[in-house]
Amino acid sequence: MSVIELQGVEQRFHARGTPDGYLTALKDATFTLQSEPPQIVSLVGQSGSGKSTIARNILGLQKPTAGTISFDGKDIFKLSRAEYDNYRRNVQPVFQDPYSIFNPFYRVDRVLWKAVKKFGLAPDRTKGLAMIEESLDAVSLDPAGVLGRYPHQLSGGQRQRIMLARIHMLRPAFVIADEPVSMLDAQIRKTFLDILLDFRRDHGMTTLFITHDLSTVYYLGGGVMVINKGSIVERGAVESVMHEPSHPYTQLLLDSIPQPDPDQRWTNRIHVDDSGTQTPDSAPQEPVV
Amino acid sequence: MTMRLLTAVLRTVRDSRRLATGLVILALMVLLAVFSPLIVHSIGHGNDPIALAAYQKWLVPSPDHLLGTDQFGRDVLAMVVSAMSVSLQIGAIAGVISTVVGVIVAFVAGYKGGWVDGVLSTFTGILLVIPTFPLLIALSAYAKNVSLFQVGVMISIFSWPFAAKTIRSQVLSLRSRPYVDLARVSKARDLEIIGTELLPNLLPFIGVGFASSALGAIFGLVGLEVIGLGPGGVIDLGQIIFNAINTGALTLGAWPMFVVPIVLLTLLFAALNMVNIGLEEVYNPRLRGVAGE
Ligand SMILES: Nc1ncnc2c1ncn2[C@@H]1O[C@H](COP(=O)(O)OP(=O)(O)OP(=O)(O)O)[C@@H](O)[C@H]1O
Ligand SMILES: [Mg+2]
């Protein structure tokens, strides 16, 4: 069993215009992710709350200014060669933007071949290709339709599924998914989430699923953490947090979910008075930003 | 990798007529320069047409001497052809040096960031604001009998910061691209990321850096020649112009001596600029709309 553990992680950035010249993107983040039993933990919060910062910290792309992140008890920024290989193999990302994740200079296959070569997944090209095709199949992509293409020749959904195929090949214990579906349309979004759920069931992957959209959190179930202005303000099982939020910010997020009833929407118009402040007719409908 | 580079280059060229035109003109000029010894030789029919008193002075253009001869009786066509090769050489020397130095500085500064970037950027910035031409004049007046290569190096000292500055800002913007992060979680090392993820995408900017440094050097040398401070022993296009002005060639009916080098320089200027703009056009699609293509 593997564990990712964050202890008092703080991330500050130099920023102009703040009183002390710093912006604290993440404050005292402490939590653990376990690979057994495999689970999906969502991290919700609005834009700028520090979600991507956590993801980059866990992925070792950004060294936090304070606190420690450990993988199986070892600080991820002080790993030996073998430990580093093991950590990389077991902690892998899916990023938000399916466009800029591909280097426009290369064909999309390269991302998959890189995984094969860098992690020594297959002894030779034939086996490697077989593996790539199997993984594309697992995310319902037709290998003939995507291999040999350039990124701009594929749709956002196809590209994001190539990233999932990469995950499928590597079978990491942990997937760090930073808003992987925010740029996909509803149909593709569901397919994507279902693949993640399959991965958990079939390959025992634990996912940290970052999102600002509560409906995907509902859909995935499992655990949820709510982050506000760099602090994790609430955590627990999705059902309990959603139904009995204990922190006012969570309530605010819940209130900001658009109502599914179209008639409701029209009766609850927003009025803007002379002072420019918005006053909803009844319960707040629009996202509170 | 080389194949891929080649197809990428071809794709780029196909996307912009301006780029293609510029490259074709440049290629023709380079061809002419490469074959200039042969051309000069055939003009001289075995003798050196650029030797002093090879022919009569101030011959007007005729089938024997298409562009006439100068005050020393040298064939102007032969002079122009070899001078162009000299001008292209200085462009290539300064272009290569400035680009290589600029790229290295830009990558180190942009990728490493922190104090390394601070020091390098400050240094680059200082060089950028130094008025180049007066310093060049001072340098060449001081250094008598400099060779073509030395002049190239001198000019490069002042032109690499431009290349470094453009490329650094590109490295900064590319460095935070998600595909760089993906490479890092795929265990790619810094050098590998610079070489395979960043460099290919920077080719157009490197091309622009090269073209503008080369252009700067060619015209820098012309400027030095026109005021009589060029390197000794070589004739570039600027020196022919300098001669034409000094001897009043135009009043003697030897107009080709003045006009042809200027036409060639203009063409070179236009070609390199077309390459510059073409590259930017292809890689910055927003510009394409403005250009209406
Ligand atoms: N490299 C950086 N330098 C300076 N400030 C940064 C940097 N990265 C993030 N920040 C700041 O940290 C804060 C948190 O950013 P982060 O990207 O983690 O937010 P987020 O929750 O992922 O938002 P979004 O939903 O928009 O992606 C923001 O205010 C952002 O401006
Ligand atoms: Mg984010």
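Q: Taking contact to mean heavy atoms within 4.5 Å, which residues does Gln71(B) touch, not counting residues up to four places away in sequence?
A: Gln71(B) touches Lys57(B), Trp58(B), Asn243(B), Thr247(B) and Met257(B). Residues are numbered from 1 along each chain as its sequence is written, chains are lettered from A and ligands numbered from 1 in the order in which they are written, and side-chain values use heavy atoms, with hydrogens and water left out.

Q: Good to know. Where is Gln71(B), and is it buried or exposed?
A: Gln71(B) sits in the loop between α3 (36–44) and α4 (76–112) of chain B. Helices here are DSSP runs of H or I with at least four residues, strands are runs of E with at least two, and both are numbered from the N terminus. Gln71(B) counts as buried because its relative accessibility is 14%; the cut-offs are under 20% relative accessible area for buried, over 50% for exposed, and partly exposed in between, using a 1.4 Å probe and protein chains only.

Q: How many helices and strands does chain B have?
A: Chain B has 12 helices and zero strands. Its C-alpha trace spans about 75 × 45 × 35 Å along the principal axes, and buried residues make up 45% of its 293 residues. Of the contacts in chain B with a separation of 6 or more, 67% are between residues 24 or more positions apart.

Q: What does α9 of chain B span between its end C-alpha atoms?
A: Helix α9(B), residues 190–226, spans only 47 Å, while a straight helix of 37 residues would span 54 Å. That expected span is 1.5 Å times one less than the number of residues.

Q: Where in α9(B) is the kink?
A: At Leu199(B), shortly before Pro200(B), and the kink is about 55°. The bend is the angle between axes fitted to the seven residues ending at a residue and the seven starting there. Just after α9(B), Gly228(B) takes a positive phi of about 80°.

Q: Which chains or helices does the Glu197(B) and Arg110(A) pair join?
A: Their side chains form a salt bridge of 3.0 Å, N to O. Glu197(B) is in α9 of chain B and Arg110(A) is in helix α3 (residues 109–118) of chain A, so this pair joins two chains. Glu197(B) is buried at 5% relative accessible area, and Arg110(A) is buried at 17%.

Q: And what about Arg201(A) and Asp198(A)?
A: They form a salt bridge too, at 3.5 Å, N to O. The two are three residues apart in helix α7 of chain A, so about one helical turn separates them. Arg201(A) is exposed at 61%, and Asp198(A) is partly exposed at 30%. Elsewhere, salt bridges that share partners join Lys114(A), Lys118(A) and Glu192(B) into one network.

Q: Now the greasy bits: how many residues are in the largest nonpolar core?
A: It has 70 residues, and those with the most contacts inside it include Ile4(A), Ile162(A) and Leu208(A). Such a core is a set of buried Ala, Val, Leu, Ile, Met, Phe, Trp, Tyr and Cys residues joined through side-chain atoms within 4.5 Å. Helix α6 (residues 156–170) of chain A gives the most to this core, with seven residues. Another core, of 50 residues, lies apart from it, with Val76(B) and Leu237(B) among its members.

Q: How confident is the predictor about chain A, on average?
A: Chain A averages a pLDDT of 88, and 89% of the residues score at least 70. Over residues 278–289 of chain A the pLDDT is below 50, although the stretch has 25 contacts in the model beyond near neighbours in sequence. Where pLDDT is low, the predicted coordinates should not be read in detail.

Technical notes. pLDDT is the predictor's confidence in each residue, from 0 to 100. Contact means heavy atoms within 4.5 Å. A salt bridge is a side-chain nitrogen of Lys or Arg within 4 Å of a carboxyl oxygen of Asp or Glu.
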